[in-house]
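Here is a short tour of one protein chain, written to be read with the model open beside it.

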Amino acid sequence: FYYNAPLISFYNYLSLIPKGGGAFDLLRQNRLKGFYYIYAADNSVVDPVKKRILIMMENMKIFADEFEKAGIAPKEIKNNQGKTAFKIYYFKL
């Protein structure tokens, strides 16, 4: 929890989804109104352990791409060189 906001890693969230269940059903059942997805757009900000788990890196990118396809524009956080380090998406449930 961060300032009373529940936080969960994307990888751990995927493991909680029942087989055949909708990706967001679990969130709706817990009365969430929406959620933020924080995508590490620059590999330099990704935990070194996660970088070695290719399926995790691929799933994070696929999920971010799905937001883009749905027309959900991210807020970008840039590093000191002006390169996008994070993309933050908000999805209303």
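## Charged pairs on the helices and beyond

D25 and R28 sit 3 residues apart in helix α2 (residues 25–29), so about one helical turn separates them. Helices here are DSSP runs of H or I with at least four residues, strands are runs of E with at least two, and both are numbered from the N terminus. This is a predicted model, in which local features need pLDDT of at least 70 and side-chain atom pairs count only at pLDDT 80 or more, while totals for chains, interfaces and linings use all residues. Residues are numbered from 1 along each chain as its sequence is written, and side-chain values use heavy atoms, leaving out hydrogens and water.

Side chains of opposite charge can pair when their charged atoms come close. D25 and R28 do form a salt bridge, meaning a side-chain nitrogen of Lys or Arg within 4 Å of a carboxyl oxygen of Asp or Glu. The structure holds 4 salt bridges, and the table shows some of them.

| Salt bridge | Closest N and O atoms |
|---|---|
| D25 and R28 | 3.9 Å |
| E66 and K69 | 3.4 Å |
| E76 and K78 | 3.1 Å |

E66 and K69 are also 3 residues apart, about one turn, and both belong to helix α4 (residues 54–69). K69 is exposed at 66% relative accessibility, whereas E66 is partly exposed at 42%. For these labels, buried means under 20% relative accessible area, exposed over 50%, and partly exposed in between (1.4 Å probe, protein chains only). D25 is partly exposed at 36%, and R28 is partly exposed at 43%.

## Rings in the interior and at the surface

How many aromatic pairs does the structure hold? There are 10 aromatic pairs, counted when ring centres of Phe, Tyr or Trp (its six-membered ring) lie within 6.5 Å; planes under 30 degrees apart are stacked, over 60 edge-to-face, and the rest tilted. F35 and F91 make a tilted pair, because their planes stand at 45 degrees, with ring centres 5.6 Å apart. F35 belongs to strand β1 and F91 to strand β3 (residues 84–92), so this pair ties together parts that are 56 residues apart in sequence. F35 is buried, at 13% relative accessible area.

F63 and F67 pair edge-to-face, at 5.1 Å centre to centre and 85 degrees between planes. Both of these residues are buried, and they lie 4 residues apart in helix α4, about one helical turn. Ring pairs link a cluster that includes F35, F63, F67 and F91, along with Y37, Y39 and Y89.

Y36, also in strand β1 (residues 34–40), is exposed, with 58% relative accessible area. Together with I38 and Y90, Y36 makes a nonpolar surface patch of about 360 Å².

## The whole chain

Stepping back, the chain has 4 helices and 3 strands, in the order α-α-β-α-α-β-β. Its C-alpha atoms fill a box of roughly 40 × 30 × 25 Å along the principal axes. Of the 93 residues, 24% are buried.

The mean pLDDT (the predictor's confidence in each residue, from 0 to 100) is 84, and 96% of residues reach 70 or more.

Notes:
Patch = residues over 30% accessible without salt bridge, like charges linked within 9 Å, V, L, I, M, F, W, Y side chains within 5 Å. Areas by Shrake-Rupley, 256 points an atom, 1.4 Å probe, with all protein chains shown as cover.
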